[in-house]
Amino acid sequence: MREKSEILALLKPLVEDLVSGNLELIVETERSGPYTVEELKEQLDDYGGTLTASPETDYKNLELYEIDDEPEWVLEYELWVDGEKSDLTLTCTVRLTEQEKSIAIDSIHVL
């Protein structure tokens with residue numbers, strides 16, 4: 001599926017920015033969905049531990065749900081905390097059109 005590689009190209013930098021604590025950049029680039037920097041920080045802090053980079057091979061486990069009649073997908077991705085896969089789940093909406101390739105956080109929650 002061609003879309004999966006495009007979706008991963010949007011997801012990986014978002015996860016890297018979350019891990020690096022670049023929350024301001026996430027908000028500035030309109031990837032934060034409805035959340036402010038403070039709200040993103042609070043969601044991550046409430047879980048505890050430290051977000052860590054996901055191994056490259058873990059991205060193959062991405063859960064994708066295509067939205068009918070739209071060039072959009074909802075994805076769920078389990079974040080890594082303290083070097084281990086966690087139940088802290090990042091849910092995002094991805095839109096892929098000729099004019100727009102975007103990702104936005106819907107929620108960060110415990111699955």
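In the predicted model, the bridge partner of leucine 51 in strand β3 is valine 81. Leucine 51 falls within strand β1 (residues 51-52), which is joined to β3 by 2 bridges in an antiparallel arrangement.

Strand β3 also pairs with two other strands. Strand β2 (residues 63-66) runs antiparallel to β3, and 4 bridges connect them. Within this pairing, tyrosine 65 has valine 74 of β3 as its bridge partner. The hairpin of β2 and β3 has 5 residues between the strands, and aspartate 69 in this hairpin adopts a positive phi near 60°. Strand β4 (residues 84-96) is likewise antiparallel to β3, with 9 bridges between them. Valine 74 has threonine 93 as its bridge partner in β4. The hairpin formed by β3 and β4 has 2 residues between the strands, and aspartate 82 in the turn shows a positive phi of about 50°.

Of the 10 residues of β3 (residues 72-81), 7 are buried, so the strand is largely enclosed by the rest of the structure. Buried here denotes a relative accessible area under 20%.

The largest pocket holds about 200 Å³ of space. It is lined by 14 residues, of which Leu18, Leu44, Asp45, Gly49 and Leu51 are the closest to its centre. Two or more lining residues are given by each of the helices α1 (2-20) and α3 (37-47). Helix α3 supplies the largest share of the lining, 4 residues. By residue class, the lining comprises 8 nonpolar, 4 polar and 2 charged residues.

Key: Residues are numbered from 1 along each chain as its sequence is written. This is a predicted model: local features need pLDDT of at least 70, side-chain atom pairs count only at pLDDT 80 or more; totals for chains, interfaces and linings use all residues. Side-chain values use heavy atoms; hydrogens and water are left out. Buried means under 20% relative accessible area, exposed over 50%, partly exposed in between (1.4 Å probe, protein chains only). Two strands pair if DSSP finds at least two bridges between them. On a 1 Å grid over the protein atoms alone, a cavity is a set of points where a 1.4 Å probe fits but cannot get out, and a pocket is an open set with protein on both sides within 12 Å along at least five of seven lines; lining residues have an atom within 4 Å of a point. Grid points are joined across faces, edges and corners, and a volume is the space filled by probe spheres set on the points. Ala, Val, Leu, Ile, Met, Phe, Trp, Tyr, Cys and Pro count as nonpolar, Asp, Glu, Lys and Arg as charged, and the others, Gly among them, as polar.
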